[in-house]
Amino acid sequence: MPRRLDHLVICVRDLEQAALDWQALGFKLTPTGVHPFGTSNRLAQFADNFVELLAVTDDALVPASAPGHFSFAAHNRDFLTQAEGMSMLVLHSTDAHADAARFKADGIGAYAPFDFGRDAVLPDGGTARVGFSLAFATDPAMPGVAFFTCQQRHPPELFWKPEYQRHANGAARVIEVVMSAEEPAAHRDFLERLMEGPAGLAPGCLTIGDSDNRVTLLDPSELGRRLPGQVSGSSPRFCAARLAVADLDATRRALESNGVGFAMTGGVLLIPPVATHGLALEFVEQEAG
């Protein structure tokens, strides 16, 4: 089975303003988490994946990139010189150190694994130490974006909290990430190595992963059909995330009550990137079973 989606990194300039805007979209966010390398985050957590709003909050702590060492914080700081939005796609891992070795052998990431810890604020106001190991992968044909796998090195109950997973908009899970690319098929080899699964090709479109853990690349024409008004850049970028909900009508009512603008096309509710700090959101009703 291809790897499953773990989380999306949404890079923002003002974390608290972004949090207010995402709360207006109906997301419940975790309290602020502070990293030891100059970034801070707030999460919209679901049952087994999440969205990470991330900002650089202490530039003096940001480590420089070096040969064989990918700097998560420097990547996101550099990303923000161009725009806000989704800067990184993260896949689930049970052994990030093994992933790093495999990425090096496959030629998609000659970087040392990265281990770190931080304090997580619990729903009762207490804190717990949580630890992570990351393995990075990059593609010269996708400059400006990056990928990594994430292994959580703590008891699951310290991180995954039902209290943080109840969202007014009904969001239950991220099920797809959409990227733009001039020639989607050109990225097939990298993504198959990264996701550990076969890609499917159609005119103007590449997909990899199952229906609940999918990455889709669209050329400019197909992107315009799926996300009207979005323009494909000169290099691949993350454009949208699709989230499953139990009741799309309830999602619509929650957004209307907060004055959030959206468009309905068939069974898809679309929030434009201007409302989310750079990443369009598609809400679809979760299939039964």
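Let me begin with strands S5 and S8, which run parallel and are joined by 5 bridges; helices (H or I, at least four residues) and strands (E, at least two) are DSSP runs, numbered from the N terminus, and two strands pair if DSSP finds at least two bridges between them. Before I go on, please keep in mind that this is a predicted model, in which local features need pLDDT of at least 70 and side-chain atom pairs count only at pLDDT 80 or more, while totals for chains, interfaces and linings use all residues. Residues are numbered from 1 along each chain as its sequence is written, and side-chain values use heavy atoms, with hydrogens and water left out.

Staying with S8, its other pairing is with strand S7, residues 127-137, in the antiparallel sense over 6 bridges. Phe148 of S8 stands opposite Val90, and Phe148 is also the bridge partner of Phe136. Strand S8 covers residues 146-152, and because 7 of its 7 residues are buried, it is largely enclosed by the rest of the structure; buried here means under 20% relative accessible area, exposed means over 50%, and partly exposed lies in between, with a 1.4 Å probe and protein chains only. Both faces are covered, with Ala146, Phe148, Cys150 and Gln152 buried on one side, and Phe147, Thr149 and Gln151 buried on the other.

Now to helix H6, residues 248-257, whose buried residues are Leu248, Thr251, Ala254 and Leu255. These cover an arc of only 120° around the axis, which puts them on the same side of H6, the arc being that of the directions from the helix axis to the C-beta atoms. They pack against S13, strand S14 (263-265), strand S15 (268-271) and strand S16 (280-285), where contact means heavy atoms within 4.5 Å.

What of the largest pocket? Its space is about 360 Å³, and of the 21 residues that line it, the closest to its centre are Phe79, Pro143, Gly144, Val145 and Arg237. On a 1 Å grid over the protein atoms alone, a pocket is an open set of points where a 1.4 Å probe fits, with protein on both sides within 12 Å along at least five of seven lines, and lining residues have an atom within 4 Å of a point. Helix H2 (72-79), strand S5 (85-92) and strand S13 (237-245) each supply at least two residues of that lining, and H2 gives the most, with 3 residues.

Let me turn to some histidines in loops. His187 lies between strand S9 (171-180) and helix H4 (188-195), and it counts as buried at 7% relative accessibility. Leaving aside neighbours within four places in sequence, His187 is in contact with Asp139, Ala141, Met142, Ala181, Leu217 and Pro236. His167, in the loop between S8 and S9, is buried as well, with a relative accessible area of 9%. Its C-alpha atom is separated by 9.0 Å from that of Gln45, which is 122 residues apart from it along the chain.

Finally, a word on backbone angles: most residues other than glycine have a negative phi. Glu196, in the loop between H4 and strand S10 (199-202), has a positive phi, near 60°, and counts as partly exposed at 40% relative accessibility. His277, in the loop between S15 and S16, has a positive phi of about 70° although it is not a glycine, and His277 is buried, with a relative accessible area of 14%.

Terms used
Grid points are joined across faces, edges and corners, and a volume is the space filled by probe spheres set on the points.
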